[in-house]
Amino acid sequence: PLFDDGLPELAPVTEIPADVLSSSEFDAFAWQVQANGNLMVSVAMCVFRDFEIPSAFVEEATFHRYVTVLQRGYRDDNAYHSSTHAADVAQFFAHALHLTGLIDVLRSEEH
């Protein structure tokens with residue numbers, strides 16, 4: 001479905017707690033169920049907020065639409081290269097940045 005402006009309707013976001021998002025025990029398949037099939041959007045938006053991406057870089061609403069379109073572009077006939085896999089990779093990247101402390105370096109470089 002599209003908005004009146006012709007842009008895609010935003011996928012809903014399931015909030016994932018920061019400690020879960022940065023955990024090595026993240027279960028993408030369980031969270032995909034909780035997110036009603038919108039895990040990729042949910043992980044992307046939670047990482048966006050957790051990383052404190054400045055609006056000077058990209059507006060949150062614009063990023064939300066972007067990842068909504070990306071998620072919808074995944075085909076259902078590939079069990080491995082799916083939106084769930086993309087969300088799992090993004091979550092692991094967030095976990096690695098937290099684990100190594102690089103997230104703090106990135107945040108300090110932003111300002």
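These notebook entries record what I looked up in the structure.

**Entry 1. Ground rules.** I worked with a predicted model, in which local features need pLDDT of at least 70 and side-chain atom pairs count only at pLDDT 80 or more, while totals for chains, interfaces and linings use all residues. Residues are numbered from 1 along each chain as its sequence is written, and side-chain values use heavy atoms, with hydrogens and water left out.

**Entry 2. Helix α4.** Helix α4 has 14 residues and reaches 20 Å from its first C-alpha to its last, close to the 20 Å expected at 1.5 Å a residue; the expected span is 1.5 Å times one less than the number of residues. I then asked which residues of α4 are buried. They are His-64, Val-67, Thr-68 and Gln-71, where buried means under 20% relative accessible area, exposed over 50% and partly exposed in between, with a 1.4 Å probe and protein chains only. These residues cover an arc of only 110° around the axis, which puts them on the same side of α4; the arc is that of the directions from the helix axis to the C-beta atoms. I noted a general point: an α-helix has 3.6 residues a turn, so residues three or four places apart point the same way. On the other side of α4, I found Tyr-66 and Gly-73 exposed. The cover over the buried residues of α4 includes α3 (39-50) and α5 (83-100).

**Entry 3. Thr-68.** I looked at one residue of helix α4, Thr-68. Its relative accessible area is 0%, so Thr-68 is buried. Apart from neighbours within four places in sequence, Thr-68 is in contact with Glu-9, Leu-10, Ala-11 and Val-41, contact meaning heavy atoms within 4.5 Å. Between the C-alpha atoms of Thr-68 and Glu-25, 43 residues apart along the chain, I read a separation of 25 Å.

**Entry 4. Helix α3.** How many of the 12 residues of α3 are buried? I found 11, and α3 is thus mostly covered. Among the buried residues are Leu-39, Val-41, Ala-44, Phe-48 and Asp-50. Helix α3 reaches 16 Å from its first C-alpha to its last, close to the 16 Å expected. Glu-52, with a positive phi near 55°, follows α3.

**Entry 5. The largest pocket.** I recorded about 240 Å³ of space in the largest pocket. Its lining has 15 residues, of which Ala-44, Val-47, Phe-48, Phe-63 and Ala-90 lie nearest the centre. The elements giving two or more residues to this lining are α3, α4 and α5, and the largest share, five residues, comes from α3.

**Entry 6. Two loop residues.** I placed Ser-22 in the loop between α1 (18-21) and α2 (28-34). Ser-22 is partly exposed, with a relative accessible area of 22%. Leaving aside neighbours within four places in sequence, Ser-22 is in contact with Gln-91, His-95 and His-98. The C-alpha atoms of Ser-22 and Asp-77, 55 residues apart along the chain, are separated by 29 Å. In the loop between α2 and α3 I found Asn-36, which has a positive phi of about 50° although it is not a glycine. Is Asn-36 buried or exposed? Asn-36 counts as exposed, at 66% relative accessibility.

Terms used. Helices (H or I, at least four residues) and strands (E, at least two) are DSSP runs, numbered from the N terminus. On a 1 Å grid over the protein atoms alone, a cavity is a set of points where a 1.4 Å probe fits but cannot get out, and a pocket is an open set with protein on both sides within 12 Å along at least five of seven lines; lining residues have an atom within 4 Å of a point. Grid points are joined across faces, edges and corners, and a volume is the space filled by probe spheres set on the points.
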